[in-house]
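Take a moment with the model below. Then follow the helices and the rings.

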Amino acid sequence: MNNWKKYGFEFLTIFIGVFAAFALENWKDNINEKKAASKILLEIRNGLEKDTFDMIENLQGHERSIEATKYFKDLLINKKVNSDSFNIQYFNLLRNFISLQNVSGYESLKSKGLEIIENDSLRSQIISIYENDYSILKKLEEDYSELQFHNLYFDKINSIIAPNLIYNDDGIFNSLQIPFKVSNENRNIFLNCLIKIKYNRFFIIKIYNETLVKVKKTMQMIDNETKKNKILIKYGQKNN
């Protein structure tokens, strides 16, 4: 009987020791995973912050184009315009943009394994931004034919504008002929182009604004998650 008690106690001692060692190892692994997750999340956040500035620049460029449509509409209906701003307004009117996206953080996440982010909502939000929202923006800016303004409208608009441009002997733009001379047919063609440019720009601005809201929300979620991980890591190191 005493032997059974002795063996039972020894077994229990060994079991507790093995269990404690196993639990400690799991705890260390968990802490290391949280460190890795926080590092990747920080990289993603930095990328999203840079993307925010790029998106705002593109959005503002589209807004300037909408302002340019008003300039040329005023020109066509013989309202007073500043001829000195013609070049910049013409540049803004048909300017195209590219969608710059910092994806290194997301690629690191995919290589490490998406499940390293334990917060399901945050993980889904990040995937949605990179796989859906960014993909849509890139296609709209670079592939969607309706938004390739220079390719669609330059030849048509330039043929209407060119007869009204005055250049000096050195071939440098000097001034704009005012009042603007254009046939009724070409006037209507130009006005129709301006309408299409304006409302297509409004459409992509709407997509940018929606994406910016989503990105800013995700950055806040990342801040909350990394703050929580930092507390857990600090607690784990303190108790090691």
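Buried means under 20% relative accessible area, exposed means over 50%, and partly exposed lies in between (1.4 Å probe, protein chains only). This is a predicted model: local features need pLDDT of at least 70, side-chain atom pairs count only at pLDDT 80 or more, and totals for chains, interfaces and linings use all residues. Residues are numbered from 1 along each chain as its sequence is written, and side-chain values use heavy atoms, with hydrogens and water left out.

Start with the rings. Rings of Phe, Tyr and Trp (its six-membered ring) pair if their centres lie within 6.5 Å; planes under 30 degrees apart are stacked, over 60 edge-to-face, and the rest tilted. The count is eleven aromatic pairs. F72 and F190 have ring centres 5.8 Å apart and planes at 35 degrees, so the pair is tilted. This pair links distant parts of the chain: F72 sits in helix α1 (residues 2-76) and F190 in helix α6 (residues 184-238), 118 residues apart. Helices here are DSSP runs (H or I, at least four residues), numbered from the N terminus. F72 is buried, at 0% relative accessible area. F190 is buried too, at 0%.

Y199 and F202 make another tilted pair, with centres 5.9 Å apart and planes at 50 degrees. Both lie in helix α6, three residues apart, about one turn of the helix. F202 is partly exposed, at 38% relative accessibility.

One aromatic cluster includes F72, F86, Y90, F154 and F190. Two of its members, F86 and Y90, belong to α2, where together with L93 they meet F154, I157, N158 and I161 in α5 (contact: heavy atoms within 4.5 Å).
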